[in-house]
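Dear colleague,

Please find below the structure that I am handing over to you. My findings follow it, and I would be grateful if you read them with the structure open.

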Amino acid sequence: TSQAAMANPATNQLGECLKSSTNGKDRTDLARWIFISMSAHPEMNKLTTVTPATRNDADRGMAQLVTRLLTENCTEQTRAVMQAEGSQGMLSAFRSLGEVAMMELMSNAEVSATISGYTKFLDQGKFEALLRK
């Protein structure tokens with residue numbers, strides 16, 4: 001949030017345009033691409049099998065989404081960001097779209113239950129002691 005507050009107004013406007021120009025499928029496809037990209041990390045690639053064809057399909061879909069957003073849906077905002085901030089502004093604008101995509105995935109009941117699964121292992125006594133101090 002602090003980065004968003006400090007962002008150039010043009011970047012904020014592009015971020016808003018990106019978010020309003022995507023639907024649930026677009027955001028799920030973006031989150032899928034992020035997941036596939038993250039699976040390339042040596043610590044993560046042990047946890048999943050992503051075939052080159054799957055990665056290629058995700059890259060193709062991402063390219064289509066980015067092309068549509070920047071050249072059709074948000075052209076004025078894209079020009080303004082490129083003139084004011086260049087690629088750094090583009091990264092900031094897309095970060096806000098990525099956050100929305102991840103929030104959409106997190107709102108799924110199964111994902112939410114899985115994410116909170118660690119709480120059953122928390123040391124409640126330590127938290128109670130912390131609050132008593």
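Please note that this is a predicted model. The largest nonpolar core in it has 18 residues, and those with the most contacts inside this core are Leu 14, Leu 18, Leu 30 and Phe 94. Helices α2, α3 (24-38), α4 (52-73) and α6 are the elements that give two or more residues to the core. Of these, α6 gives the most, with 5 residues. In general, nonpolar side chains tend to be buried together in soluble globular proteins.

Phe 94 deserves a separate look. Leaving aside residues up to four places away in sequence, Phe 94 touches Leu 18, Val 66, Leu 69 and Leu 70.

The axes of α2 (residues 9-20) and α6 (residues 87-106) come within 8 Å and cross at roughly 35°, and the crossing of α2 past α6 is right-handed. On the α2 side, the contact is made by Thr 11, Leu 14, Gly 15, Leu 18 and Lys 19, while the α6 side includes Met 90, Phe 94, Leu 97 and Val 100. Sorted by class, this contact has 7 nonpolar, 5 polar and 1 charged residues.

Finally, a word on confidence. The mean pLDDT of the protein is 92, with 95% of its residues at 70 or more. Confidence is highest in α4, at a mean of 97, and lowest in helix α1 (residues 2-6), at 45. Over residues 1-5 the pLDDT stays under 50, and the model has 2 contacts beyond four places in sequence for that stretch.

With kind regards

Conventions: Residues are numbered from 1 along each chain as its sequence is written. This is a predicted model: local features need pLDDT of at least 70, side-chain atom pairs count only at pLDDT 80 or more; totals for chains, interfaces and linings use all residues. Side-chain values use heavy atoms; hydrogens and water are left out. Axes are lines fitted to C-alpha atoms, for helices over the stretch in contact, and angles run from 0 to 180 degrees between N-to-C directions. Helices (H or I, at least four residues) and strands (E, at least two) are DSSP runs, numbered from the N terminus. A crossing is left-handed if the near helix is turned anticlockwise from the far one by less than a right angle, and right-handed if clockwise. Contact means heavy atoms within 4.5 Å. Ala, Val, Leu, Ile, Met, Phe, Trp, Tyr, Cys and Pro count as nonpolar, Asp, Glu, Lys and Arg as charged, and the others, Gly among them, as polar. A nonpolar core is a set of buried Ala, Val, Leu, Ile, Met, Phe, Trp, Tyr and Cys residues joined through side-chain atoms within 4.5 Å. Buried means under 20% relative accessible area, exposed over 50%, partly exposed in between (1.4 Å probe, protein chains only). pLDDT is the predictor's confidence in each residue, from 0 to 100.
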